Amino acid sequence: MAGVLEGVRVLDLSWGVAGPMATMLMADQGAQVTKIEPPGGDPFRGELGYKVWQRGKRSAVLDLKNEADRASFLALAGQADVLVESFSPGVTRRLGIDYARLSKANPRLVYCSITAYGRDNKHSDRPGYDALVAARAGLQWEQRGWPEGAINHMAGVSDPFADIEIPYEWLQGAPRPGPLYPNSYWPSLGAFFAASTAISAALRAREITGRGQWVETSLLQGAMACASGVWQRAEKIDVPMFNSWILGSRSPKGHFECADGRWIHNWVPNPRFLLTASAGDQLNSSPDLKAQNDPDRFGTGPEELLVMTHYQPLLAEAVRKFPAREWVDAAAVAGMTIQDVRTPEEALADPLFMKDGCVTEINDPELGAIRQVGVAYRMSRHASVVGKPAARMGEHTAQVKSEAAAAAKAPAQAAGSGRKLNAPLEGITVLDLGLAIAGPYGTQLLSDLGANVIKVNALYDTYWHSNHIAYMANRGKRSIALDLKDPRAMKVLLALVRKADVVQHNMRYDAAERLKIDYESLKAINPNLIYCHTRGFETGPRAGLPGNDQTGACLAGVQYEDGGMSAGGKPLWSFTSMGDTGNGFLSAISIIQALYHRDRTGEGQFCDTSIVNAQLLNTSYVVARPDGTGFERPRTDGMQMGRSATSRLYETRDGWLCLELAREQDWRGFCAAMGLEALATDPRFADKAARTTNSVALVAVLEPKFKERAAAEWFAKLDKAGVPCEVSDPKFSLGLHDDAEFKQRGWVASYEHPFVGKLNQIGLLFDLSDTPGKVQGPPLVVGQHSREILAELGYTPEQIQELCKECVLSWSPTEGHRKVRSPWQPQAVVPAAAERS
């Protein structure tokens, strides 16, 4: 089978992380990707991650300032399907390769720009290094969050439990105040996922309209994607069940050190299991966990912090009795969400990952056999195959120039005669049967791209959907709440399936089979259906285990890396993690590409991915030998200050400053601006390699120097000298939703919600010039559209009323939720609107 993007020609003019990863993903799905490098090569070519991100591509060196090479490039662009670039705003126009020019010659071109902050705003000209964007946008402060919690922080409410003393050793993150410098490239990863989604949407739209368009995203929007859970602002945060302890820095997060010195993560911490299983001399994998209304179970309310402070030392002592492997094995038997915290290299050596294909092995001409992230998602009608190792610089220059000469003589691309499309997925109906975040986040992206998303809720979903975490993944959808154990409700679902284009869910697949809503069952009634299933883990023995963002981050090495554990740090589950949401992006990308295929062939298909796949992409800057040994690479330190003395946070007299001295000229300018000219000639710091070797000594010189002035003063001095730096801003998020530019661009969204009043959320993560996305509405209320959807299916008012008494939950602003007399499950009290507010 060919890849879904077989025949798609891509020109890659990007560097760094986001663009190369986006074009890698296209190459894995069959696209022909040609990397265009400047004379001397991509400045980041020496990074270890390039062994991964440049795989499966050709490399051609073209000097775009040279008339002949520029003519070759323009000829290639005239026949290309996709172009990806990451120049600073305005550079492509000066080079004569901007969208306006290239689209005139090739109106079918999908042109993707990935910048630091987008065009024409007050941030646009700032340096685009990942750590500097994270600093300027305040993302470094969100790694472990705020003492008062995310919702309180955004609402300007102080910590309600400030008088409670909680030891640092109980908490995650370095034992110091201030921002954290994780090893993950979170803004770039967010931009990668956003760009991949938008490019896929633009290709799908082209099948309908016949025209390409300009796709844009930025590292700032990537940071917004990462922080979509913590950067929500609600008017009424005290409504029942909305706020929680989960995104607060002073709540323990279920990390425990074991008898062998390794760490496990139990999320959400389950005291009954940990205490009961460890009560004897041997670990009991089958303790009695059947307690009704378990008094040891943590709730979600902010006040649970007080309960957690009681349990934390007891749980830590219990876990320390046994080694990590025994805890993981016992949790698998008991169905608990526990995994051990591994290095990325250990992840790449995992035979289960290799068997699944989410890790692959490539023979690199320089490093030999190396393991790296494999296929990110699968499609039943297409082969997803990792291509050849990263090409040598200019390896295909002669071949590409020959193709350019032929392309110059070929007929010009013409726009197709398609119909107008207001949004890429206009007219597409999606059924969302997903749970928690990983499933629903993907369908929220489809809604933002214009799809009609119908959320099929269970009757008891009101509890989960009252929580602020659910709000981040369920906007712009309509909700119908069904008791699928009732045949009448199942009949409603199947009627929806017959009219749907897509079904997506992340429940255990055997549960879907028992309900007869698996792919084979639904394909029988809708042969053209696109069906996407996502999991917590890879296929294999772990596939049936409960999984989440945290377990995926443990297995893939994200928590190990972000916590600086190689240098003595503790595991860190970042509040900007892209495991659940990354899984959502991958599901959306695969669904859009399946729609692209169906538009061309009429065929539906089955797609699948997992949280682990997303987390392996998040650590894809790592490669390893087959035995799990690694290669020298940058890592954040144990105090999570940075990767080296020149890529690091520094505490000043007032505030924190982040440096990113990537070039020799940056180093020389820094030394001069700081009044430390002697450092520039010191042999210990003569070049990048020497500064890396002697990083500790350099930090010892710079730390006291930075404390002589405030961060704002140092920034003004260094920025004037052209030194890449930013103040790590703790207040950026507080002004985010009031920023006129962001509101005008749709990067933030605002609406009235029936429970929490005015609600501000992160908006569109990508911009499409011809078929723009649109946030379709606030987060759903369970059953809010039940009656409306039943009427669309042809049910009469009398039939609807009967169903709403027996097996369908409905909600209205005036009546709220009402009880359903379902004989198929225990009666649950569902609060009416008056009881909710």
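Tutor: Let us start with burial: buried means under 20% relative accessible area, exposed means over 50%, and partly exposed lies in between, with a 1.4 Å probe and protein chains only. Helices (H or I, at least four residues) and strands (E, at least two) are DSSP runs, numbered from the N terminus. This is a predicted model, in which local features need pLDDT of at least 70 and side-chain atom pairs count only at pLDDT 80 or more, while totals for chains, interfaces and linings use all residues. Residues are numbered from 1 along each chain as its sequence is written, and side-chain values use heavy atoms, with hydrogens and water left out.

Student: What makes helix α1 (residues 18-28) mostly covered?

Tutor: Of its 11 residues, 11 are buried; among them are A18, P20, M24, L25 and D28. Helix α1 is followed by G30, whose phi is positive, near 105 degrees.

Student: Why is D120 called exposed, and what is said of M241?

Tutor: D120 has a relative accessible area of 61%, which is why it is called exposed, whereas M241, at 31% relative accessibility, counts as partly exposed. Both deserve a look at the backbone too. Most residues other than glycine have a negative phi, and most peptide bonds are trans. In D120, however, phi is positive, near 55 degrees, and in M241 phi is also positive, near 75 degrees. D120 lies in the loop between β5 and α6 (130-136), and M241 in the loop between β7 (233-234) and β8 (255-257).

Student: Where is there a cis peptide bond?

Tutor: A cis peptide bond joins W267 and V268, with omega about -5 degrees; V268 belongs to the loop between β9 (263-266) and α10 (271-277).

Student: How do you know that two rings form an aromatic pair?

Tutor: Rings of Phe, Tyr and Trp (its six-membered ring) pair if their centres lie within 6.5 Å, and planes under 30 degrees apart count as stacked, over 60 as edge-to-face and the rest as tilted. By this rule the count comes to 31 aromatic pairs. Y99 and Y111, for example, are 5.8 Å apart centre to centre with 65 degrees between the planes, and their pair is edge-to-face. Because Y99 lies in helix α5 (residues 99-105) and Y111 in strand β5 (residues 110-115), the pair ties together parts that are 12 residues apart in sequence. Both Y99 and Y111 are buried.

Student: Why is the pair of F732 and F742 called tilted?

Tutor: The ring centres of F732 and F742 are 6.4 Å apart and their planes stand at 55 degrees, so the pair is tilted. F732 lies in helix α31 (residues 732-736) and F742 in helix α32 (residues 740-745), so this pair ties together parts that are 10 residues apart in sequence. F732 counts as buried at 13% relative accessibility, and F742 counts as buried at 1%.

Student: What makes a charge sit over a ring?

Tutor: NZ of Lys or CZ of Arg must be within 6 Å of the ring centre and within 35 degrees of the ring normal. The charged end of K122 sits over the ring of F742, 5.8 Å from its centre, and R625 lies over the face of F631, at 4.1 Å from the ring centre.

Student: Why are helices α8 and α9 called roughly perpendicular?

Tutor: Axes are lines fitted to C-alpha atoms, for helices over the stretch in contact, and angles run from 0 to 180 degrees between N-to-C directions. Angles under 35 degrees count as roughly parallel, over 145 as roughly antiparallel, 65 to 115 as roughly perpendicular and the rest as oblique. Helix α8 (residues 186-209) and helix α9 (residues 219-226) pack at about 95 degrees, with their axes 7 Å apart, and α8 and α9 are therefore roughly perpendicular to each other.

Student: What makes β20 and β23 edge strands?

Tutor: Two strands pair if DSSP finds at least two bridges between them. The open sheet has the order β20-β21-β22-β23, with antiparallel pairing; β20 (642-644) and β23 (725-727) each have a single partner strand, so one side of each is left without a neighbour in the sheet. Within it, five bridges join strand β21 (residues 647-651) to strand β22 (residues 656-660), and R648 stands opposite L659 in β22.
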